Amino acid sequence: MITRKRLATGACALLAALSVALLPTGAAADEPAKESPKVELVLDVSGSMRAKDIDGKSRMAAAKQAFNEVLDAVPEEVRLGIRTLGADYPGQDRKRGCKDTRQLYPVGPLDRTEAKTAVATLAPTGWTPIGPALLGAADDLGDDGATKRIVLITDGEDTCAPLDPCQVAREIAAKGIHLVIDTLGLVPDAKTRQQLTCIAEATGGTYTSIHRTEDLSRRVRQLVDRAADPVVTPVATRGALRCPDAPQLQPGLYTDRESFGEHRWYRVDLLPGQELRASVSVSADRAVNNDYGVLLRAVTLHGREIVRGSEAGDGRTDVVSTGLRYPKPDLDDGPGDAKPAAETVCLQVSNSFSAPPSVKTTPGMPIELTVDVVDGPSTASDVASFGLGRGWWLLGALVLVGFLAGLVWGWLSRWRVAVWRTH
């Protein structure tokens, strides 16, 4: 009897254990589910979108083509919506025109066919109420803990002042709802560029000038993908006027501002066997002269240049970027367990932008500096220090071949002279 009771008790315990194992645990049940990222595309459908200056077709046609390509590539985890501005009211009543914004497709799981059909019905119509559209988009995205991003595509500045869209963006940022606004200007003029840059900077977003359909499609896809896989938040820093006073940077993404023609310095420590990878982008956020350039140099504490990267151009641009790589050779194994000393590499960021006298030079232009330190190649050579890197082997081989060829040619010449004299 006792044995049977023990068996029954054991069977009940085993059954209970299996039941608990098959059910979700309390900890897992209590864990909040990760919110899917949200993106709302805000498209300008005002009358100016009829202009035919993007790849020989209208701005509206270019936007529709780009939207179709973007909708095909939206990651499954992204909840996407579409809002329009200036799509419905064609009249001259300012009050009505400045309320002309609506959600074309709700934020949520994407039905690609339905979303494309909605976009296909759009035609350039009315006003450009950017401020009201941004407020509506922020409401569409909600205030939950999800990553949220608004992508504004427009070809002109807001026509509904005094509701300043830049101030609207600042108010949205002040709510602390983790919402970023990126702006794309279709063939923008100076005023449009200035306003869209202000909107983007107010929320930590980006501004991009668009002149081709291909660029519009690629940039919107990048921003939607960025919402699905958020990038590292940039860290504000301030470069120094000389290397000894420069801030010490760890691998990461940094922002700063640099005046026209200024040099700024930063420091990075590099161990033997590591490789420094750095890149810098300078944003021309105001009217600048056509000739420009950006330089990124790595030098030693004593001022010897290690390697440099540069980019220059002639014409209107919004961002200029360049980068460099510096592999530091590993040390041969030596006696003892002494830790190898790090080398301090000084990074110099310079620009050759200039501007007309009427343009304000303060604050400086935004710069974005990326620093990464990775393990160097197993057979790393100091490419920067020796200039030719592994090309030295080729140069040495060519010198040796030339020397041997000279000896052979000299011997043949002397032999021919000796034969000639004999005969």
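At what angle do helix α3 (residues 59-73) and helix α5 (residues 112-120) pack, and how far apart are their axes?

## Packing of α3 and α5

In this predicted model, the axes of helix α3 and helix α5 lie 10 Å apart, and the angle between the two helices is about 170°. Angles over 145 degrees count as roughly antiparallel, and α3 and α5 are therefore roughly antiparallel to each other.

On the α3 side, the contact is formed by K64, F67, N68, L71, D72 and A73. Their counterparts in α5 are R112, A115, K116, V119 and A120. By class, the residues of this contact comprise 6 nonpolar, 1 polar and 4 charged.

## Packing of α7 and α8

From α7, the residues P165, C166, A169, R170 and A173 take part, and they meet Q195, C198, I199 and A202 of α8. The contact of α7 with α8 involves 7 nonpolar residues, 1 polar residue and 1 charged residue.

## The second largest pocket

Helix α8 also contributes to a pocket. It supplies 6 residues to the lining of the second largest pocket, the largest share of that lining. The space in this pocket amounts to about 400 Å³.

The lining consists of 14 residues, and those nearest the centre of the pocket are Q194, T197, D285, R286 and P363. Sorted by class, the lining holds 6 charged, 5 nonpolar and 3 polar residues.

P363, one of the residues nearest the centre of the second largest pocket, is located in the loop between β14 (343-351) and β15 (365-375). The peptide bond that joins T362 and P363 is cis, with omega at about -5°.

Although D55 is not a glycine, its phi is positive, at about 55°.

## Surroundings of T101

Which residues does T101 contact, leaving aside its neighbours within four places in sequence? They are R83, T84, L85, P132 and A133. T101 itself belongs to strand β3 (residues 101-108).

With T84, one of these contacts, there is a specific pairing of atoms: a polar atom of the T101 side chain lies 2.8 Å from the backbone oxygen of T84.

Technical notes. Residues numbered from 1 in each chain as written. Predicted model: local features only at pLDDT ≥ 70, side-chain atom pairs only at ≥ 80, totals over all residues. Heavy atoms only, no water. Contact = heavy atoms within 4.5 Å. Helix = DSSP H or I, 4+ residues; strand = E, 2+ residues; numbered from the N terminus. Nonpolar A, V, L, I, M, F, W, Y, C, P; charged D, E, K, R; others polar. 1 Å grid on protein atoms, 1.4 Å probe; cavity = no way out; pocket = protein on both sides within 12 Å on 5 of 7 lines; lining within 4 Å. Points joined across faces, edges and corners; volume = space filled by probe spheres on them. Polar contact = N/O pair within 3.5 Å; in protein donor to acceptor, adjacent residues only side chain to side chain. Axes fitted to C-alpha atoms, helices over the stretch in contact; angles between N-to-C directions. Parallel < 35°, antiparallel > 145°, perpendicular 65-115°, else oblique.
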